[in-house]
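Visitor: I would like to learn how to read a structure like this one feature by feature, beginning with the annotated spans. Could you take me through them?

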Amino acid sequence: MEFITGFNRDQLVMMDFESCVGLDSWARTVDMFVDILPMQELGFRDVLNSEGRPPYHSSDMLKLYLYGYKNKLRSSRQMEHACKVNLEVIWLLKGLRPSARKIAYFRKDNAAAFKLAFRHFVGLLKEWELIEGTTIAIDSFKIRAQNAQKNNFNQKKIDRHIAYIDDKIKEYQDQLDQGDGDVDTQEIESKVAYQKSKNEKYRNIEKRLQESGETQISLTDPDARSVILHRNIINVGYNVQAGCDAKHKLFVNNDTGSVNDTHALSPMALDAKELLGMESMDILTDKGYTTAKHLDICTKNGITPYSSPKDHSSHHNGRYPMVDFTYDKINDTYTCPADQVLTTNGSIYDKAGHKVKHYKNRKACEICPVRALCTTNKNGRFIERSIYQDALDENQKRVEAKPEYYRLRQQITEHQFGTLKRQWGFTHTLMRGKQNVLSEVNLMMICYNLTRLISILGPDVLKNRLKRLVPGFSALFEVILAAINNFFLFEIHSNISKHQENTTLTAL
Ligand code: SF4
């Protein structure tokens, strides 16, 4: 028996690149998909200058990106390398070899076009009735940013650094004051100067933080924020919002910006509704999105939210929970477990961005026999009620009435996140700035939807559908059809004429 051996490297072979790419290759799907996109309308710039080196066509560059993002080749250098060694990429780009710099600039310069390309694709999926738009689940996932943890600051962190520096300076000055002849004065003075320069650096960061009006600042990527990546692990990153349709679990829209989901519900829901052109729709979200104001905006715009209700903050403190207090909508009062009425002065207060009204009855609380079971506040119990509380209550009723429907949320969204992060390695972004990060998200989501499409329709059906959308294909198809019709009509007419001639001859 002998070992299995490879071919002879010195042997000449004749081959074509077409035969090197499998019929079910991802490269073929990407090739057909990009060919149907109206690149100019989407904003990809293809400008030919009268001088200089001719540019690459944007459709070739987009094909390269879509091939790369599905195959864990996201950096421009990896793609540049693939253009030289990967047979599928060589086939896809017809041998073009753009430099890493050109590849990188294409992604940087076309953030808006990537977004429109993804939305155009979603529109096509809606047209093909693969996206229904009646039930959308919204959820988020975190990715790490191009910003080290040490380059992200909040006021507390700056104070800590400054306090440490002040201590150090004091320590060095004490050494100078107490020191006798064997103290190296010059060395200590240089250490003090160094600490003072650090102090100045942190003061500048503090000034920038205060001017920004934000609670934290990132120095490398100003849009990145300190987010909880997983359980208690905090890192600087982005919280990516994603809307998914219930019918085939396809991505519908995306966004990023906020550290958490508190203010993401209505912007994402309204965007999905507008994009899909729906009159009404249901939205499923977890409790991170349950914010009274956003539930209210949704319901007023024909969107029915099913958002997991949050427990009231009083739920776990061992005192009377909120369910023991009855709200009287007509009189705008609460009745407490001791049958006392808590009233409001009508003022609306801002509590961490939420508009609330206060309800209290100080006199009744002062002499209440069950006060120990109700509150530890020296002014008696007071209740904060959101001015959009009705929307919260309605949402709670809906979720409790249809628990199975709400539970679909997990099935609709979470699987996709696993695919993007675990299988395709999208755990971190290579870009800086919100718009550029969204470029990566849009590329990933196009790849995901396209992959799902292959599973849903099958490669042949997808290929035929895409072929029909290639510009010029339908016109060509009509010309061929007309030619076939004409041919058959001509045949029929000539047969009729022949038949008539034969009949005339027979009669004669
Ligand atoms: S402490 Fe005040 S709010 Fe609480 S049960 Fe007594 S009267 Fe009612």
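Visitor: How far apart are the end C-alpha atoms of residues 335–454, and what share of the span is helix or strand?

Guide: This is a predicted model, and in it the end C-alpha atoms of residues 335–454 lie 59 Å apart, with 53% of the span in helix and 15% in strand. According to an unreviewed UniProt entry, residues 335–454 carry the annotation "domain: Transposase DDE". The entry, again unreviewed, also annotates residues 24–108 as "domain: Transposase InsH N-terminal"; over residues 24–108 the chain is 61% helix and 0% strand, and the end C-alpha atoms are 31 Å apart.

Visitor: Which residues surround the ligand, and how does that shell divide into nonpolar, polar and charged residues?

Guide: The residues around the ligand are Cys336, Ala338, Gln340, Ala364, Cys365, Cys368, Cys374 and Arg381. By class, the shell is made up of six nonpolar residues, one polar residue and one charged residue.

Visitor: How should I read a sheet, and in what order do the strands S9, S10 and S11 lie?

Guide: Strands of a sheet pair through backbone hydrogen bonds, and the pairing is either parallel or antiparallel. Here three strands form an open sheet in the order S9-S10-S11, with antiparallel pairing. Strand S9 (326–328) and strand S11 (341–342) are the edge strands, each pairing on one side only. Between S9 and strand S10 (residues 333–335) there are three bridges, and the two strands run antiparallel; in this pairing Tyr327 has Tyr334 of S10 as its bridge partner.

Visitor: How many bridges join S4 to S5, and what lies between these two strands?

Guide: S4 and S5 run antiparallel and are joined by five bridges, and in S5 the bridge partner of His230 is Ile233. The two strands form a hairpin with two residues between them, and Arg231 in the turn has a positive phi of about 45 degrees.

Visitor: Where cavities are concerned, how many of 30 Å³ or more are counted, and which residues line the largest cavity?

Guide: The count comes to one cavity of 30 Å³ or more, and the largest cavity holds about 40 Å³ of space. Its lining consists of Asp223, Ala224, Arg225, Val227, Gly237, Tyr238, Asn239, Thr256, Gly257 and Ser258, which divide into three nonpolar, five polar and two charged residues.

Visitor: What is the general idea behind a salt bridge, and how many does a search of the whole structure find?

Guide: Side chains of opposite charge can pair when their charged atoms come close. A search of the whole structure finds 21 salt bridges. One of them joins Arg107 and Glu440, whose closest N and O atoms are 3.9 Å apart. This pair links distant parts of the chain, with Arg107 in helix H6 (residues 100–109) and Glu440 in helix H16 (residues 434–457), 333 residues apart.

Key: Residues numbered from 1 in each chain as written. Predicted model: local features only at pLDDT ≥ 70, side-chain atom pairs only at ≥ 80, totals over all residues. Heavy atoms only, no water. UniProt positions renumbered as here; feature names shortened; annotations may be inferred. Helix = DSSP H or I, 4+ residues; strand = E, 2+ residues; numbered from the N terminus. Near = heavy atom within 4 Å. Nonpolar A, V, L, I, M, F, W, Y, C, P; charged D, E, K, R; others polar. 1 Å grid on protein atoms, 1.4 Å probe; cavity = no way out; pocket = protein on both sides within 12 Å on 5 of 7 lines; lining within 4 Å. Points joined across faces, edges and corners; volume = space filled by probe spheres on them. Pairing = 2+ DSSP bridges. Salt bridge = Lys/Arg side-chain N within 4 Å of Asp/Glu carboxyl O.
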